[in-house]
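Have a look at the structure first, then read on.

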Amino acid sequence: MRRGAQQYVVARPLYSEESFAEDHETVYRHRKTMLDHIKQYFTCDARRAKNTALSLLPVIAWMKIYRIKEWLLSDIVSGISTGLVAVLQGLAYCLLASLPPWYGLFSAFFPVVLYFFLGTSRHISVGPFPVLCLMIGSVVTRLVPDEGLPHNITGFEGLTRDEQRVLVASSVTFLAGIMQLAMGILQVGFVVMYLSDTLVSGFTTAAAVHILVSQLKFVLGLTVPGLSGPLALIYTLEIIFNKITSTNVCDVVISLTIMVVVFVVKELNDRFKSKLPVPIPIEVIMTVIACGVSYAFDFKTRYGIDVVGYIPKGYEPPMAPNLHIFQETAVEAFPMAIVGFAVAFSVAKVYSVKHDYTIDGNQELIAFGASNIFGASFKSFAASTALSRSAVQESTGGKTQVAGLLSAIIVMIVTLAIGFLLEPLPKSVLGAVVIVNLKGMLMQFRDVPYLWRRDKPDCVVWLGTCIAAILLGLDLGLAAGLGVELISVVLRAQFPRCSVLANINGTDIYKDRKDYVDIYEPEGVKIFRIPSPIFFANIEFFRSKLVEVGFNPLRVLRKRNKALRRIRKLLKKGDLHVKGPVIDCDSEDESNMEELDLPTDFKDLPTRIDWSAELPANIIVPRVDVHSLVLDFAAVSFLDISALKGLKTVRLSIMIAVFITGPYILEKLHDCCFFDDEVQPSMFFLTLHDAMLYIHEKHPGSTEKKSDFEKVRKTTT
């Protein structure tokens, strides 16, 4: 570096990959085989056993550093606040699952207890999640519809409709938990990476629309059967509009009042969160008020509104899952397992970055899998994390999962002692609370204009996922969204943005020639850049882009071979000196195309043909003004066999020099025996500038600008 100036000067030899390897010794790295990885995976010693135990029980690690004086009071305040919200959301979200409300309290208790010991996130609040509840509700209403007979499933005999639905919900939760646990044990937590933020945003927005429609029957006081499958949302809206004249005015007034008050207070909480020690628990306050007013004025009898009703005290005995239901719900259980984990992991990742600690995706899978299996045994349904509830736990000062455990204790107290106080609570209140909490997910519609301006393929993924999930249902919609996302990835790799580079004057920097004015392009030299792996799907695209650079290798090769065939005939007849009519090689017989695709062969000819000069007998072939082609493969991470064949075609088809820059593919080419007498490692260079300096040495005249732009011709005999 020169002092006082942002410049650097480097003096070094001109390096090809071959010469660089000769001058600089490399470090030998032992490549582990598959057998080595298997042996290492199954090797066990005292240290690894200890680390495994600590990883399976993360509570041990953070309990060692727990600061009782600094964190305990914050965790207590956070646990009480979160517990009150968890009680209300447990009752409300249970309606989405088409189950009796008190089973939501089970889901807010059992999974939380086990996650306390197995989870790696210290801030998420485990329990019912509205999207999962809705997915469970679609399975429940499919197997046990509101109208008509349930499916013929072994184990339904002698059970009431509610008991059958609880059995379905707990069984599908158990199966989803098994899938999560298996993925965690097999260390496949990376699968969540295939669910991009854009896809999750579109999916959760569609889920919010489904939730909103499903809660309209409670807000309006209508009796609407639960529907599932494609276009279920449209059919549900049709039924609601047909019954709109039967709306219960009392339910509508209660719902609107709750929604307006809760919305306003939540906005005040957001605006003044820096000044409020604890957010105002407005949902809990309004629920208590509505419950008291409903009991005092006997809304159920006087106005005919639907209330929560009888809530049994205590917990029910554990129950084994139904294997017949496993067979019926396996297809729905897998997306539940993926969505539940993906949402929880996304929220956990946000808080881990904010509070500077790490989370383990595989351990999170194990934690949620075990929690769902444990909870399903006690008749709870699938658990994940609700964004609003996690925000309450973190914003009220929660430091660890001690706050989550205390929230579970609050839920347990309600279940065991004071649950009866919630019996007169109108279901319209719960529906209103659910709708208000959808604000965050529904506001994701604002992402569409932003995505369209920034990244149109991502916008297509968002819209495709959202529309498919709304129309086809959440399970099929998620599959369709994944399909759209994979197609967008494939298209980006199959049709990358190739470019022709030029030198920025006075530097060793090469940029797209379309983007800059002060550039230098030596005559006869083209630099072609492809910014993606080259494989069977895009090798034809690669060739077509080479044609745009200035020549078609295969076309030129065929025409030269046709010209050679004509020249040999003339030599054999002794008529080479006769000037006949102009011969166009396109008129030749193309019956044997395979011979024409072979490299040009100058055997049995008295001289090597100079294709840039005038040919004998007025034979015409396409002139190639490029003598050197530089392929910038710096961004090419891998090549397959189709790509190797394509590269050889480019190199051998016409007599031009091809130079390649790229650090990742040389070893692959050696392994595949790419090099021979014609194609040698000397064509590889460390950088673009090395390749261009080498070309300058070989063709000094072509890199100088001449007034008459005369082409340099070189004849080899």
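Helix α8 passes helix α9 in a right-handed crossing (a crossing is right-handed if the near helix is turned clockwise from the far one by less than a right angle, and left-handed if anticlockwise). Helices here are DSSP runs (H or I, at least four residues), numbered from the N terminus. This is a predicted model, where local features need pLDDT of at least 70, side-chain atom pairs count only at pLDDT 80 or more, and totals for chains, interfaces and linings use all residues. Residues are numbered from 1 along each chain as its sequence is written, and side-chain values use heavy atoms, with hydrogens and water left out.

Two packed helices are described by the angle between their axes and the distance between the axes. For α8 (residues 130-143) and α9 (residues 161-185), the axes come within 9 Å and cross at roughly 130 degrees. Axes are lines fitted to C-alpha atoms, for helices over the stretch in contact, and angles run from 0 to 180 degrees between N-to-C directions. The pair is therefore oblique: angles under 35 degrees count as roughly parallel, over 145 as roughly antiparallel, 65 to 115 as roughly perpendicular and the rest as oblique.

So who touches whom? On the α8 side, Ile136, Val139, Val140, Thr141 and Leu143 meet Arg165, Val168, Ala169 and Thr173 of α9, with contact meaning heavy atoms within 4.5 Å.

Now jump to α15 (residues 323-355) and α16 (residues 361-377), whose axes come within 10 Å and cross at roughly 125 degrees. That makes α15 oblique to α16, and their crossing is right-handed. Here Phe341, Ala344 and Phe345 in α15 meet Gly361, Glu364, Leu365 and Phe368 in α16.

How values were computed: Helices (H or I, at least four residues) and strands (E, at least two) are DSSP runs, numbered from the N terminus.
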